[in-house]
Amino acid sequence: MVNLEINFNGLKLKNPVLTASGTFGYGTEFTDFIDLNRLGGFIVKGTTLNHREGNPYPRMAETPSGMLNAVGLQNKGVKVFCDKIYPEIKDYKTNILVNVSGSAIEDYVATAEMINTLDNIPGIELNISCPNVKEGGMAFGTSCVSAAEVVKEVRKVYKKHLMVKLSPNVTDIVSIAQTVEEHGADSVSLVNTFLGMAIDAKTRKPKLSTITGGLSGPAIKPIALRMVWQVSKAVKIPVCGLGGIMTAEDAIEFLLAGASSIQVGTANFVEPDATIKIIEGIKYYCRKYGVKDINELIGGLKS
Amino acid sequence: MSYYYSMKMKKYIQDFEVLRNERLSKDYYLLKLWCEEELPVIMPAQFAELKINDSPSTFLRRPISIHDVNYEKNTITLLIRIAGDGTAKLSEIRQGMILNMIYPLGNSFSLPLKDKVLLVGGGCGVAPMLYTARYFMQFGFDPTLLLGYRDKESVLRRGKFEKYGNVFYTTEDGSFGEKGNVLNHSLFSPEVFNFTKIYACGPEAMLKNLGKWAIEHGVDCEVSLENLMACGVGACLCCVQNTNEGHKCVCTEGPVFNVKDLIW
């Protein structure tokens, strides 16, 4: 029997596989395909203080081995989440984290405060890295000063697990990670999408209404893996790795690079049961290579 | 009703065996697929997300509307236009090969309350109209179909469509049926038009014009949209359509919308 359990700085995960925010709705979209209770956890759609309609269509462009999106945090707002959505999902036997986004520090704080009152939400993922909103989002995650400020203020009101989702669109992701650690983050997740662009050569127009958008999928995996490796060496808090994970082998690579858990994102769009296949694949890998405890793999990169 | 997804029909992810891949014209092919298991109920205008293998530039599944269903034989037929690399790669699939689909997806055309109904299809938009006509016929309706094509050579599956309704045609060059686009057809002249409801699928410009005409003439009109899509299950929020109630997902709250609810 292989042990897949991980203590992720206080969050007890039955396995290291979570789903990435914005790729898994509120979980309920996937119940025809998988048993949510089998996941290490799922992270629900980016939630803001007020309702957001998001960006105009078109919001998506397919790319080789990936896709660009410019959804722009469309969501019903934190109140609707608490009143309507939370009661529908709260009894799943897994860790449900809420991705909290905002365009001002007060918004992040107010949203986190409301989520803090929900008993069955053991943590939030603070999104300081969304590339698709004009104010806030990535603006907070691209400088140490602003990242420190938002984490510090949220930390004051949010008492449970505080994961901070980092942007890869920075010169030095390590210094941002160290800054958020210093200001009270319990963990970091990386990476969010890479700012990219697609043009329709026939019409000479951008393919996205916002011109630029966030690139995800296998195309970004090598860069994400490198960043996870760099960050996990430089911080003491655990790292949740994501970026183009499609298979169990991809997930294992992130663990070896130093991640203590991983998120499956864009893969959910192609294979709605990708998470379960990855969990099964991790078990298979462990049996095949004589790994008794998944924790042995974390940071287990050999020289 | 849950507001973040409207369809409660169970979705399946299943492997289908290709029974037949028939090239209908330069741009169109027909896939007949068989599933070992009993098919779930499929509604008119619902679609499937098809996995495309071995196409490096294709990462996502392709949403394709259901063209026909045979519950006795467990078969689904898809009418597909080669629109890009994904559908081009899929056109090479051969008999006996396996195609993975997520289905049935989306809402559906609503059952008419009374006769007479007009089904309008333009180009690839004719695809869902075969199953729609057959479905409506089962409920005692006698649908009229108006199918618009570029020219005579691009007319698809004539014999099949004509089994399930009274079929009229337009072609842009007038080589078959009446000349012009669907709205130019004499069925739309005020002294002739006697339908209580229009169901349509086709290019956006056609649907917009048709929708405008229907609203101006007080005729109920449902259209099936085909926005760019990633997941097909309401998670990615990429395929949104602007409506009177804000952005709605075409994959789960559509593809069918009443034209009076759309802002376009």
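**Entry 1: a helix in chain A.** I began on the outside: the face of α9(A) turned away from its buried side carries the exposed residues Tyr284(A), Arg287(A) and Lys288(A). Helices (H or I, at least four residues) and strands (E, at least two) are DSSP runs numbered from the N terminus.

A note on provenance: this is a predicted model, in which local features need pLDDT of at least 70 and side-chain atom pairs count only at pLDDT 80 or more, while totals for chains, interfaces and linings use all residues. Residues are numbered from 1 along each chain as its sequence is written, and chains are lettered from A and ligands numbered from 1 in the order in which they are written.

Which residues of α9(A) are buried? I found Ala274(A), Thr275(A), Ile278(A), Ile279(A), Ile282(A) and Cys286(A). They sit on the same side of α9(A) because they cover an arc of only 140° around the axis, the arc being that of the directions from the helix axis to the C-beta atoms. An α-helix has 3.6 residues a turn, so residues three or four places apart point the same way.

I then checked what this side packs against: β3 (17–19), α7 (248–257), β16 (261–264) and α8 (267–270) of chain A. Contact here asks for C-beta atoms, placed from the backbone, within 7 Å.

**Entry 2: where the chains touch.** I looked up the contact and got 27 residues from chain A and 25 residues from chain B. On the chain A side, β5 (60–63), β6 (66–69) and α8 each supply at least two residues.

**Entry 3: the open sheet of chain B.** I traced 7 strands in the order β11-β10-β9-β8-β12-β13-β16, with mixed pairing. Two strands pair if DSSP finds at least two bridges between them. The edges are β11 (178–179) and β16 (256–258) of chain B, each pairing on one side only. Inside this sheet, β8 (117–122) and β9 (144–149) of chain B pair in the parallel sense over 5 bridges, and Val120(B) has Leu146(B) in β9(B) as its bridge partner.

**Entry 4: a loop residue.** Where does Phe176(B) lie? I found Phe176(B) in the loop between β10 (166–171) and β11 of chain B. Phe176(B) counts as partly exposed because 18 other C-beta atoms lie within 10 Å. Beyond its neighbours within four places in sequence, Phe176(B) is in contact with Lys152(B), Val155(B), Tyr169(B) and Thr171(B).

**Entry 5: an enclosed strand.** Strand β6 (75–81) of chain B is largely enclosed by the rest of the structure, because 5 of its 7 residues are buried. I looked up its partners: β2 (28–34) of chain B pairs with β6(B) in the antiparallel sense over 7 bridges, and 3 bridges join the antiparallel β5 (68–70) of chain B to β6(B). Ile76(B) turned up in both pairings, as bridge partner of Leu33(B) and opposite Val69(B). Last, I noted that β5(B) and β6(B) form a hairpin with 4 residues between them, and that Asn74(B) in the turn has a positive phi of about 55°.

Terms used: A residue is buried if 20 or more other C-beta atoms lie within 10 Å of its own, exposed if 12 or fewer, and partly exposed in between; C-beta atoms are placed from the backbone. Two residues are in contact if their C-beta atoms, placed from the backbone, lie within 7 Å.
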